[in-house]
Each structure stands twice: as C-alpha cells, then as structure tokens.
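Hi everyone, thanks for coming. Let me put the structure up, and then we'll walk through it together.

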Amino acid sequence: MKVLSFFSKFTLICNVSFAVFAAVNKFGHTKPAESGKEVLPELDFLKNIIITLGFSAIVINLMMCLVYAFVIIAGKKNLLPKWLSLINFLFLLYQFYFYFL
C-alpha cells in the first residue's frame, strides 16, 4: 500500500501548510504594512502554495481520515503508521474548529 503511505504523507504536508496558514492568519495582521513595501516579495510563490494547500487541507484530510476508517474496519491496521494517522486526525479536529466554530 505505497499509495496509502504517499497520500498520508501528502496529507501531513497539507496539514502543516494549514497550520502555517492559520498562524499567519492569526498573528500576521498585527501591524499594517507600509505602502509599497513587502517584507519578502520574492516568496510570493511559496505564500501562494501555502494558502492553496492550507485551504484544501480540510477536504484532503477528511478524505484521508475516511480512508483510514475503511482500512481499520477492513482489519488491515498494520498498513498505517499509527503516529501519522493520529496526527492527521488531530489536524482534522483542529480544522473543523477553525472553519466551523
């Protein structure tokens, strides 16, 4: 099940992007920037990737947690790294809290 392992790791990357997005969203707007000055304008590409992965993380994570549930129900628990599935599930709980509460 290399596909499951790949998508689990991709989901973790999306969740880390979501955490960065949420932190910047909460703490990044403390001071308005001066007109015409950006802190790091050459990192616009990285910022766009983080925003895109951060927004899509809840959908990707929800689908991956459903796959985890189906694998557990099927009785193939040893296919999943326990720490990775637990971290992804905890991120899903935080994402529901962030978006819906």
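Before we look at any residue, one term: I'll call a residue buried under 20% relative accessible area, exposed over 50%, and partly exposed in between, with a 1.4 Å probe and protein chains only. Please keep in mind that this is a predicted model, in which local features need pLDDT of at least 70 and side-chain atom pairs count only at pLDDT 80 or more, while totals for chains, interfaces and linings use all residues. Residues are numbered from 1 along each chain as its sequence is written, and side-chain values use heavy atoms, with hydrogens and water left out.

Leu93, found in helix H3, counts as partly exposed, at 45% relative accessibility. Its C-alpha atom is separated by 9.8 Å from that of Leu62, 31 residues apart along the chain. Lys2 has its place in helix H1 and counts as exposed, at 76%. Between the C-alpha atoms of Lys2 and Leu79, 77 residues apart along the chain, the separation is 9.2 Å. Thr11 also lies in H1, but Thr11 is buried, with a relative accessible area of 1%.

Now the whole chain. What does its secondary structure come to? Three helices and zero strands, running α-α-α from the N terminus on. Here helices (H or I, at least four residues) and strands (E, at least two) are DSSP runs, numbered from the N terminus. Of the 101 residues, 26% count as buried. The accessible surface comes to about 7600 Å², and 74% of that belongs to carbon and sulfur atoms; these areas come from the Shrake-Rupley method with a 1.4 Å probe, and for residues only the protein chains shown count as cover.

Next, contacts, meaning heavy atoms within 4.5 Å. Among contacts between residues at least 6 apart in sequence, 89% join residues at least 24 apart.

Let's turn to a helix pair. At what angle do H1 and H3 pack? H1, residues 2-27, and H3, residues 82-100, pack at about 35°, with their axes 10 Å apart. The axes are lines fitted to C-alpha atoms, for helices over the stretch in contact, and angles run from 0 to 180 degrees between N-to-C directions. H1 passes H3 in a left-handed crossing, which means the near helix is turned anticlockwise from the far one by less than a right angle; clockwise would be right-handed. Residues making this contact include Leu12, Asn15 and Phe18 of H1 and Leu84, Ile87 and Phe91 of H3. By class, the contact has twelve nonpolar, six polar and one charged residues. For that count, Ala, Val, Leu, Ile, Met, Phe, Trp, Tyr, Cys and Pro are nonpolar, Asp, Glu, Lys and Arg are charged, and the others, Gly among them, are polar.

On to the inside. A nonpolar core is a set of buried Ala, Val, Leu, Ile, Met, Phe, Trp, Tyr and Cys residues joined through side-chain atoms within 4.5 Å. The largest one has eight residues: Leu4, Met64, Cys65, Tyr68, Val71, Leu80, Leu84 and Leu92. Helix H2 (44-74) and H3 each give two or more residues to this core, and H2 has the largest share, with four. Leaving aside neighbours within four places in sequence, Leu84 is in contact with Ser8, Lys9, Leu12 and Tyr68. A second, separate core of six residues includes Cys14, Phe18, Leu53 and Ile60.

Last stop: Ala57, in helix H2. Buried or exposed? Ala57 is buried, with a relative accessible area of 0%. Not counting residues up to four places away in sequence, Ala57 touches Cys14, Asn15, Phe18 and Gln95. The C-alpha atoms of Ala57 and Gln95 are separated by 8.3 Å, though the two are 38 residues apart along the chain.
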